[in-house]
Amino acid sequence: MHVSVIIPVYKVAAHLRACLESVQAQTFTDFEVVMVNDGSPDNCGAICDDFAAHDSRFRTLHQSNQGVSAARKNGLLASKAPFVTFLDADDYVAPTYIEALVKAQATHGADLVVVQNYNVREGEAPREHFRPVRGVFRGQAIRQLLATNALADRQTRLSGLPAFTWGKLYARHLIGQSIDTCQGLTLGEDVAMTQATLYRAHCVVVLPDYLYYYVERTGQATQKADLEILFPAYLNTWQRMADIDHEHLQTDQLRLRMWLILRSKLQCLSHQLPPYPTFRKALAQLVETPFFYNRVLAQPHRSAITIIDHLRLLLLRHRCYRLWYELLKRGWG
């Protein structure tokens with residue numbers, strides 16, 4: 001087979017069949033599917049086994065719960081094809097998803113191909129999630145992409161290209177080290193993996209086609225709000241990303257991304273604020289960490305943030321946690 005499709009599976013029984021059926025419906029058929037049941041307590045394992053029993057291209061790997069990064073790595077180790085793509089088990093793909101990836105890879109000799117994604121919310125039409133980067137990048141052009149907006153685009157305030165692990169075709173020789181880089185991370189591991197992959201890639205193709213459907217659900221890992229878990233997890237990821245950026249091409253982008261993520265998480269709290277002592281402890285542990293303080297707060301940001309953002313940063317720089325808390329209570333994030 002030409003492509004291995006690796007799908008980590010955990011607590012998504014209501015969405016899993018739609019995901020797997022979208023893979024079965026692919027116009028390109030020379031693939032295998034490795035479904036990694038990551039100790040899911042619902043009937044995900046049975047659904048995976050049912051698909052494997054009726055389609056020889058599908059295989060199930062059952063394991064105790066180890067997290068999505070370990071599930072992806074174990075799926076990679078169990079797979080065989082020279083090219084690999086990942087799906088999240090609650091998402092789905094267009095029928096031409098694999099065909100478009102394979103065609104672009106063959107045309108350009110790429111070791112990484114990226115497609116665009118729709119965001120899907122229940123009861124709403126899919127929305128295009130615009131990212132500005134398009135085209136073919138080789139050698140120095142990849143370094144320029146890394147240094148410009150791969151991690152944080154100053155106009156959109158998003159990564160310049162989709163930074164999730166899904167929605168991409170990887171050459172097997174490229175993905176092994178990148179996936180190892182993300183082991184132990186629990187939030188933002190996709191961005192770190194994409195960053196590590198770009199650093200190692202020789203040819204990257206970013207297609208304009210919207211072929212991946214990212215389903216937004218309440219309760220997803222990216223929407224968790226437990227500060228005592230959330231902030232240390234992100235800090236761990238940011239430190240890993242700083243290590244990946246060994247050429248220091250993305251110092252300003254990482255700084256901007258750290259601030260935008262923190263601001264976003266704090267804004268979400270306005271609807272479910274914890275008691276002030278919990279809020280203060282978690283925020284202070286993050287803000288007063290030398291890594292965070294020196295990268296985000298020690299110097300003024302040059303651009304890409306608003307005047308209000310400068311005021312927010314000023315409050316954090318002077319550790320005005322109570323004022324932050326009271327403003328959040330009033331809906332000002």
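The model is predicted: local features need pLDDT of at least 70, side-chain atom pairs count only at pLDDT 80 or more, and totals for chains, interfaces and linings use all residues. Residues are numbered from 1 along each chain as its sequence is written, and side-chain values use heavy atoms, with hydrogens and water left out.

**Cavities**
- Two cavities of 30 Å³ or more are counted. A cavity is a set of points on a 1 Å grid over the protein atoms alone where a 1.4 Å probe fits but cannot get out.
- The second largest cavity holds about 50 Å³, a volume being the space filled by probe spheres set on the points.
- Its lining consists of A150, L151, A163, V191, T194, Q195, L198 and Q250 (lining residues have an atom within 4 Å of a point).
- Five of these lining residues are nonpolar, three are polar and none is charged.

**Helix α3**
- Helix α3 spans residues 68-78, and its buried residues are S69, A70, A71, R72, G75 and L76. Buried means under 20% relative accessible area (1.4 Å probe, protein chains only).
- Among the elements covering these buried residues are strands β1 (3-9), β2 (31-38), β3 (58-63) and β4 (83-86), with helices α6 (172-181) and α7 (189-200).

**Residue S4**
- S4 sits in strand β1.
- S4 counts as buried because its relative accessibility is 0%.
- Beyond neighbours within four places in sequence, S4 contacts E32, S79, K80, A81, F83, V84, T85 and R172 (contact means heavy atoms within 4.5 Å).
- A polar atom of the S4 side chain lies 3.5 Å from the backbone nitrogen of K80.

Notes:
On a 1 Å grid over the protein atoms alone, a cavity is a set of points where a 1.4 Å probe fits but cannot get out, and a pocket is an open set with protein on both sides within 12 Å along at least five of seven lines; lining residues have an atom within 4 Å of a point. Ala, Val, Leu, Ile, Met, Phe, Trp, Tyr, Cys and Pro count as nonpolar, Asp, Glu, Lys and Arg as charged, and the others, Gly among them, as polar. Buried means under 20% relative accessible area, exposed over 50%, partly exposed in between (1.4 Å probe, protein chains only). Helices (H or I, at least four residues) and strands (E, at least two) are DSSP runs, numbered from the N terminus. A polar contact is a pair of N or O atoms within 3.5 Å; within protein, one must be able to donate a hydrogen and the other to accept it, and residues adjacent in sequence count only if both atoms are side-chain atoms.
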